[in-house]
Amino acid sequence: MSGVVSPEVALGSAARESDLRARVGGWGPSPREVVVMRALPGLGDFLCVTPALRALRAALPRARITLLGLAGTRALVARYPHLVDRLLAFPGFPGLPETPPDVRALPDFLRAVQDRFDLALQMHGDGLVSNIFVQLLGARATAGFYAPPQPCPDPATFLQYPGDLAEPRIHLSLLGFLGVEARGERLEFPLAPADERECDAALRAAGLAPDVGFAIVHPGAAAPQRRVEPEVLAQVVDGLATRGLAVVVTGHAHEAGLAAAVGRRAGRDLVDLVGRTSLGTLGALVRRARLVVAGDTGVSHLASALQTPSVVVFRVTAPGRWAPLDRVRHRVVDARTAPPTAAAILAEADAALFLAGVDRD
């Protein structure tokens, strides 16, 4: 019957919670305050941890979950009230490059948070420096990763960093080690009605009819070595146009030069939305696209979260670590040893479109 929990299910849930408390004995019987350290700047850095946050919320539905993250991610984190209750701005710490540390303010910050949390989870890398900071939070129990030869802070709650896994699975492995059951591996990016309205307005302003199928080409990336050359992307634009797709180019305002370089070399007109989309508008745009072509950057993870077919070009980073887990809908061009070609990108685009069931005729 619907809504009835069998004794076997109830016992299984109780056993998992018991195992969790056994590993992290400092929680007590009813953990109420949990802090997760993930103070990384990238959109993909956050999206890749959403499966772990989902599992944590399901395991501790009554706990308040605080994300210790960068202040600049506040608007992003606000999209996830079902996973994160609040953001605690990371003050910086010597040896962690994500934000300049204010060492004079650090003692006051630590005094304010010590003894506040039942559990502190370190999901900020292998722990070489972040373990020091997370233990200074003074939580009743601390868990996370360590990487030899650094010492293991506590064999019951610290897992050797599994750097050979895909990024979302790294954090799920920690929770599995602590007795928390995974709730799927999919990434999440919630969209609001306002995002859809802004997307409509952006497309109308660019002159793109709502019934025209389009692909997104994203030439930028925070690290220049991750970018695909404009001349290659221009050939990709032309190839996508011959497949009946309009091409929308996206990026930050400071990447306008990259988009212009692609446009100058392409034989087809681009729909230029560089610098004209908020994060939510970009998400809605990605959801509507038939295909996304990008380097290893946040937009590729956005396509994964929104299940839009994509081709991701890897110039320097490892696909095994950062590529989408679904290798049918999302295709990889591994260009770490040789420059990527338009032919290789378009071949994978054809595979992504076909396997996703998109009619290109």
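Student: Is E33 buried or exposed?
Tutor: This is a predicted model, in which local features need pLDDT of at least 70, side-chain atom pairs count only at pLDDT 80 or more, and totals for chains, interfaces and linings use all residues. Residues are numbered from 1 along each chain as its sequence is written, and side-chain values use heavy atoms, with hydrogens and water left out. Relative accessible area under 20% means buried, over 50% exposed, and in between partly exposed (1.4 Å probe, protein chains only). At 16% relative accessibility, E33 counts as buried.

Student: How many residues apart in sequence are the parts that R64 and E33 tie together?
Tutor: The side chains of R64 and E33 meet in a salt bridge at 3.1 Å, N to O; such a bridge is a side-chain nitrogen of Lys or Arg within 4 Å of a carboxyl oxygen of Asp or Glu. R64 lies in strand β2 (residues 64–69) and E33 in strand β1 (residues 33–37), so the separation of the parts in sequence is 31 residues. Helices (H or I, at least four residues) and strands (E, at least two) are DSSP runs, numbered from the N terminus. The separation is thus 31 residues.

Student: In which helix does R57, the partner of D85, lie?
Tutor: D85 and R57 form a salt bridge, with their closest N and O atoms 3.2 Å apart. The pair links distant parts of the chain, 28 residues apart: D85 is in the loop between α4 and β3 (86–89), whereas R57 is in helix α3.

Student: Which residue forms a salt bridge with R265?
Tutor: The N to O distance in this salt bridge is 3.8 Å, and the partner of R265 is E231. R265 lies in helix α10 (residues 256–265), and helix α9 (residues 230–242) holds E231.

Student: How many disulfides does a search of the whole structure find?
Tutor: A disulfide is taken as a pair of cysteine sulfur atoms within 2.5 Å. C48 is buried at 2% relative accessibility, and C199 is buried at 1%. The number of disulfides found in the whole structure is zero.

Student: What is the relative accessible area of F354?
Tutor: F354 lies in helix α14 (residues 342–355). F354 is exposed, and its relative accessible area is 62%.

Student: How many salt bridges does the structure hold?
Tutor: E196, D200, R287 and R288 are linked in a network of salt bridges. The number of salt bridges in the structure is 19.
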